[in-house]
Amino acid sequence: MVDGFIKVAAATPKIKVADTAYNAQEITNMILEADSAGAKIIVLPELCITGYTCSDLFLQDKLLQEAKKELYHIAENTKDTDALVFVGLPIEREQKLYNAAAVIKSGEILAFVPKEKIPSYAEFYEARHFASGNGIVQGAADSNDEVPFGTDILFACDNVEGLVAACEICEDVWSANTPGTRHALAGADVIVNLSASNDLVGKDTYRQELVKATSARLLSAYIYASAGDGESTQDVVYSGHNIIAENGTVLAESKPFTTGILYTDIDIQKLRMERRRMTTFVPENDRPYLVVSFHYEKKEKTELTRTFYRTPFVPTDKNTRTKRCEQILSIQANGLKKRLEHTNAKTAVIGISGGLDSTLALLVTVRAFDALGLERNAIKAVTMPCFGTTDRTFDNACKLAKACGAELIEVDIKKAVLQHFEDIGQNSDDHDVTYENGQARERTQVLMDLANKINGLVIGTGDMSELALGWATYNGDHMSMYGVNVGVPKTLVRHLVQYYADTCNHQEMTAVLLDVIDTPVSPELLPPESNGKISQKTEDLVGPYELHDFFLYYMLRCSYPPSKVYRIAVQTFKGEYDADVILKWLKTFYRRFFAQQFKRSCLPDGPKVGSVALSPRGDLRMPSDACARIWLDELEQISK
C-alpha cells in the first residue's frame with residue numbers, strides 16, 4: 001500500500017441456486033485466495049450467497065435463515081484475512097426483505113448496505129420480493145444484532161490516508177440519480193458494486209462504458225463484480241462480466257462467461273489529487289453518513305500488476321493514434337489561423353533547420369495558410385546555416401520548403417555571429433554557452449527583423465519537452481510571435497510528422513519527412529564531426545526524451561512524488577534502462593524543470609493540445625525562483 005497503490009479484486013464464484021452452504025464455501029475459498037494474493041478490497045456479486053435467481057424462494061424463511069447463517073460462517077472462516085470484503089445476500093429487517101451487501105473485515109461484519117433502486121421490469125422483477133433501502137436510518141439489522149444497516153455508510157481506513165469506500169448494488173448505477181454519486185460527494189473515493197447483470201447482445205459494451213464513465217464522473221475507483229456461472233438460465237444468462245475502472249480508465253476487465261478473480265491496483269493518491277485539482281468536484285453531505293472505520297494489519301508494498309503507458313502522450317492503438325494526430329494538427333493549425341486573421345498578417349516567417357520541430361511547425365503553418373486561402377509562397381522558410389549545420393539537415397530544410405510550396409530564404413549567419421563575437425570579445429575557438437547561444441539569438445534576430453520587413457509573424461518551433469527541460473536559448477529559439485508546438489511533447493512530434501508523411505500523398509514530401517524523422521535530435525550549434533555527421537546529440541546531453549516525457553506526464557498530470565515516478569519508470573522501462581540510469585535522468589529532469597521555469601514564465605502564446613501544458617497563463621503557474629530541494633532530497637534517499 002506504499003505510494004497509494006491498493007490491490008483490489010472483483011470475484012465471481014460458480015454457485016448453485018439456493019445451495020447456501022455450497023455457495024458459502026466457494027465464496028470463502030475465493031476470499032482466501034484473493035487475500036493471499038494481496039487484495040485489500042474484495043467484491044463479490046449481488047445475492048451470491050443464495051444466488052440472484054432464486055425468485056419466489058426468497059420468500060422462504062428457510063432460505064433467509066440459511067443465508068444469514070452461512071454469512072457468519074464466511075466471516076468466521078475468513079477471520080485471519082486482512083481484506084475488506086463485500087458479499088451479497090437477502091436480509092430481513094422489520095418484516096421487509098432487502099437485497100443487501102454484507103461488509104466483512106477480519107471476521108467481523110461491519111455493516112449491511114441495502115439496494116436502493118429496485119427494478120420491476122421483466123428480467124429483474126425484484127419489486128416482487130425486495131424493498132428499497134433508500135432513506136433507511138442506520139441501526140441494528142435486527143433486535144439481536146447491533147450491525148449497522150443503511151445505505152449512507154462510508155468505510156474509512158484509519159491507516160491508509162484517503163481510502164474511503166462505499167457500496168451500491170447493481171441497478172443503483174444504472175439509475176439517473178445514483179447512490180454512488182451521493183457517496184462520492186460524501187467522501188468515498190472507492191465505489192463498489194455488487195451486481196447480477198444478465199448478458200444480451202451489446203450489453204457488455206454498454207456496461208463497460210457505464211462503469212468507465214461513472215468512475216470518470218465521480219473521480220473514483222469503481223469495482224464492479226457481476227453474477228455468472230451457476231445462476232439459473234431459465235430465461236436469461238449471466239456472464240460474470242467484472243470491471244475495475246479508475247477515473248475513466250478501465251484497468252482490468254474479465255472475459256465474458258468466465259468465473260474467477262479479477263485483480264488490479266488502484267491509486268488512491270492519484271484520485272485524491274484529481275479531486276483537489278478539479279474545483280468543480282464540491283463535497284456535499286445533505287444526508288448524515290455513518291462512518292465505519294477499519295484497519296489493515298499488514299501494510300506491505302503492493303506488488304504492481306497494473307501497467308503504465310510508456311509513451312503517455314502517444315496512444316498505443318494505431319487507429320486512435322491516427323485520429324489523435326489529425327486532431328492535434330487541426331488544433332495547432334486553427335490556433336495559428338486565428339492569430340494570422342487577428343493580426344491581419346499575410347505572411348509567416350519560420351526558421352527551418354531540417355529537424356523535427358521546425359518541420360512540424362512548417363507543416364502546421366501550411367495547413368493554416370490553406371485554411372485561410374492564402375498562397376503558400378507567402379510562407380517564408382528561412383534556413384540559417386552556421387558552424388554546426390550539416391549537409392543532411394541543410395538539404396532536408398531546402399527540400400522541405402520546396403515540397404511545401406513555401407519560399408526558401410537562405411541567410412548564412414556565420415559572418416554576423418563572428419562579428420558579434422568580436423564586438424563582445426568572445427573567442428570563436430571557445431565552444432562555450434556563449435558560442436552556442438550567440439548563434440541561436442542571431443537566428444531569432446534575423447527572423448524577427450524579416451517579419452517586420454514583410455509584415456509577417458514569426459512562428460515558434462520549440463516543443464513542450466524542450467520547455468520542460470529549459471532546452472532553449474533565452475530570447476533565442478525560446479522566443480516567437482506564436483509558438484505552434486508549445487503543447488506537443490517530443491515523443492509526439494515524431495508521430496505527427498510520420499502521420500503527415502503517411503497521408504500527404506506527395507512522394508517528394510514523404511521522402512524528406514521520413515529522413516527528418518530518422519535524423520538525430522540536435523541543436524547543431526557545435527561543429528560537425530570530421531565525417532560531416534552531427535556531433536551534438538541532445539539526448540546524450542539531457543537524456544532520452546521518452547524518459548523525460550514519461551517523467552513530465554506523471555509528475556504534472558498525476559502529481560506523483562519523485563519516488564513514485566521512479567518506481568513506475570523502473571517497472572515500465574525494465575530491460576531498456578537500468579534503475580541507476582533512470583534515477584540519473586530523473587534527477588536531471590527535476591533539477592532542470594525547477595531551474596528553467598523563468599523561460600516558461602515569459603512564454604509566447606501557443607495552443608494547448610492535451611491535458612498537460614506549461615503555459616504560465618493557464619496550466620502551470622509556478623514561481624520562477626521555486627526551490628527543488630525537497631524533490632531532489634527524496635531522490636537522494638533512493639540513491640542511499
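Which residues in α16 meet which residues in α18?

Reply: The model is predicted, so local features need pLDDT of at least 70 and side-chain atom pairs pLDDT 80 or more, while totals for chains, interfaces and linings use all residues. Residues are numbered from 1 along each chain as its sequence is written, and side-chain values use heavy atoms, without hydrogens and water.

From α16, the residues L547, H548, F551, L552, M555 and L556 meet I582, W585, L586, F589, Y590 and F593 of α18 (contact: heavy atoms within 4.5 Å). By class, this contact has 11 nonpolar residues, one polar and no charged ones (nonpolar: Ala, Val, Leu, Ile, Met, Phe, Trp, Tyr, Cys, Pro; charged: Asp, Glu, Lys, Arg; polar: the others, Gly among them).

Helix α16 covers residues 545–557 and helix α18 residues 579–595; they pack at an angle of about 60°, with their axes 10 Å apart (helices: DSSP runs of H or I, at least four residues; strands: E, at least two; axes: lines fitted to C-alpha atoms over the stretch in contact, with angles from 0 to 180 degrees between N-to-C directions). α16 is therefore oblique to α18 (under 35 degrees is roughly parallel, over 145 roughly antiparallel, 65 to 115 roughly perpendicular, the rest oblique). The crossing of α16 past α18 is right-handed (the near helix is turned clockwise from the far one by less than a right angle).

Elsewhere, seven strands form an open sheet with mixed pairing, in the order β13-β12-β11-β10-β9-β8-β15 (pairing: at least two DSSP bridges). The twist averages 25° from one strand to the next.
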